[in-house]
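Subject: Structure for your review

Dear colleague,

Please find the structure below, followed by a summary of what was found in it.

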Amino acid sequence: MNKEYNPYQNMLRVLDDAAIKLGLQKNDYITLRFPERQLVVSVPVVMDDGHTEVFEGYRVQHSSTRGPCKGGIRFHPDSNIDEVKALAAWMTWKCAVVNIPYGGAKGGIKVDPAKLTENELRKMVRRYTAMILPVLGPEKDIPAPDVNTDAKIMAWIMDTFSMIKGYAVPAVVTGKPLEIGGSLGRNEATGRGVMFTLLNLLEKINCDPKNMTVAVQGFGNVGSVTAKLIQKQGCKIVGIGDAFCALYKKTGINIEAAIKYAAENGKSLAGYQEDDIEIITNDELLALDVDVLCPAALENQINGDNADRIRAKIIVEAANGPTAKEADEVLDIKGTKIVPDILANAGGVVVSYFEWVQNQESFMWDEDYINNNLKKIMKKSFDDIWKIHIEKNVSMRMAAYILALDRVVRAKRLRGVFP
Ligand code: NAD
C-alpha cells in the first residue's frame, strides 16, 4: 500500500461529495464523519518458545444509528487504525445499502498469522476477544471473518465470549462453523453476492455472461468463490492472482482445479500448472484486456499510478476499497463501469444477518431459502442504486453513497444527538 494513501480520508472524500449531492449541510451528517468508538488493545501472547510477543489490535465502531454494529476482523501485518476506521465506515454504508438493521464496525490485529503456530494463533484470538469483550455482544457489536480469518477463528471468538459470560452466546459472531450455529450458505455468501451483482449489471446493459472475459485479483474466500460461481454462469476466467503469483490463460482457467490446488498448498496459487497457462505480474493481471475486472484482495489496488493502464470495461469491487478516489476519476473519464464495494460484496453481511437472526430464533433455515433471499436483497439494492445512478446522472459509487447516507441521516434525525 503506498504511503500517502489513507483509506479513511478516501472514504471521507466520497462521503462529503455524496452529502453535497444530497443537499445536506455539514451539521446534518457531521457525526458520521467520526467513528463512534475506537478501541486499541495490546494482545500479549506467550509464544511456543516461551518468550512473550505483544500484538496491536483494534475494534472500531463507526455507527450504531441503524442497529448493532457489524463487521469483520482482519489479521494483516499492515493493519492499522486508519484502515480499520475506513473498513468500519464502509460497513455502515454497506448495511444501509442492503437495508439491514445494522451499523458498521471492523476489527484487526497487526500480525502475519502465517508466522504463528496454531497454538499461538488460538491464544492470540482468545486474548484479543477478551480485550475487546466489553464492546462486543449480539445486541452491541457482532464480528465476522475478513482477510486471514475464517470459521475456525469465529468459533474461538464465540467460545471465549461464551466462557466469560458463563453460557453459550452463538449470536456474538457470524461466519461460525455450522455445528455451533453457523448458517448454511455463509461461507460462499460474499462471492455469491458478487455473482448476483455482476448478473444484475449484465442484464441492465444487455450483455451475456457467456461472452464475458474476467480477471480476478485475490483468491481467498471472496475471490475464489466469485471466480467459481461466475465461471458456472458462463464467464471465461482468463486471469487469477493472489499475494504469491498471478496467472493468465487465454482460453480460460479451470477454477475448481485452482481452488483445490490452493487449498492443498498453503492457500497459495504459486506453482499451479495447466497447459498454456502463463505466469504474469500482479500489475499485468490488473491491466489485462478483459471485459470484467474483479479485485478481491485489499484496498487501493487500483490507484492513481495504474488507473490509466486498466483496460477492463467493468470493475466489480469484491474487495473493500480496492479503488482509490484518484483512480475513480480517471476511470470515470474512460467510461469504465464500476460497481462499488458497498453493493458488490454486501452478500457476506446479508447472510451474516441471516445467521444472527437464526441464532436469535434458535432455528435453522435451509440453504435454498437463504440463497433466494440473498438474491432478492441483492437485486433490490442493485435496482435502488441503478435508479439513482440514471436519474441523478452520477456514478454507481456515488449513487450507492447517496442511498446509504440518506438512510443513515434519516435514522440519525429521528434519534437526535444524545443528550
Ligand atoms: P482472504 O484472506 O480469504 O483472501 C485474501 C486474498 O487476497 C488471498 O488470496 C491473498 O493471497 C490475496 N492477497 C493479499 N494481498 C494481496 C496482494 N497484495 N496482491 C494480490 N493478492 C493479494 O480474504 P477475503 O475474506 O477473501 O477478503 C478479500 C476482500 O474481500 C477484502 O477486501 C475483504 O475486506 C473483502 N470482503 C470480505 C468478506 C468476507 O465475507 N470474507 C465480505 C465482504 C468483503
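A cavity here is a set of points, on a 1 Å grid over the protein atoms alone, where a 1.4 Å probe fits but cannot get out; lining residues have an atom within 4 Å of a point. Points are joined across faces, edges and corners, and a volume is the space filled by probe spheres set on them. By this rule there are two cavities of 30 Å³ or more.

The model is predicted: local features need pLDDT of at least 70 and side-chain atom pairs count only at pLDDT 80 or more, while totals for chains, interfaces and linings use all residues. Residues are numbered from 1 along each chain as its sequence is written, and side-chain values use heavy atoms, with hydrogens and water left out.

Cavities

The largest cavity holds about 70 Å³ of space. Its lining includes Asn10, Val14, Trp90, Lys325, Asp328, Asp341, Arg397 and Tyr401. At least two lining residues come from each of helices H1 (7-21), H10 (325-334) and H14 (396-415); helices are DSSP runs of H or I with at least four residues, numbered from the N terminus. Four lining residues are nonpolar, three polar and four charged. In this scheme Ala, Val, Leu, Ile, Met, Phe, Trp, Tyr, Cys and Pro are nonpolar, Asp, Glu, Lys and Arg are charged, and the others, Gly among them, are polar.

The second largest cavity has about 30 Å³ of space and is lined by Asp283, Leu286, Ala287, Asn306, Arg309 and Ile310. Three of these residues are nonpolar, one is polar and two are charged.

Helix H3

H3 (residues 81-97) has 17 residues and spans 24 Å from its first C-alpha to its last, close to the 24 Å expected, the expected span being 1.5 Å times one less than the number of residues. Of its 17 residues, 15 are buried, so H3 is largely enclosed by the rest of the structure. Buried means under 20% relative accessible area, exposed over 50%, and partly exposed in between (1.4 Å probe, protein chains only). After H3 comes Asn99, with a positive phi near 55°.

Cysteines

There are zero disulfides, a disulfide being a pair of cysteine sulfur atoms within 2.5 Å. For Cys207, the nearest cysteine sulfur is that of Cys235, 10 Å away; Cys207 is partly exposed, at 29% relative accessible area. Cys294 is likewise in no disulfide, with the sulfur of Cys235 the nearest at 9.9 Å, and Cys294 is buried at 2% relative accessibility.

With kind regards

Note on methods:
1 Å grid on protein atoms, 1.4 Å probe; cavity = no way out; pocket = protein on both sides within 12 Å on 5 of 7 lines; lining within 4 Å.
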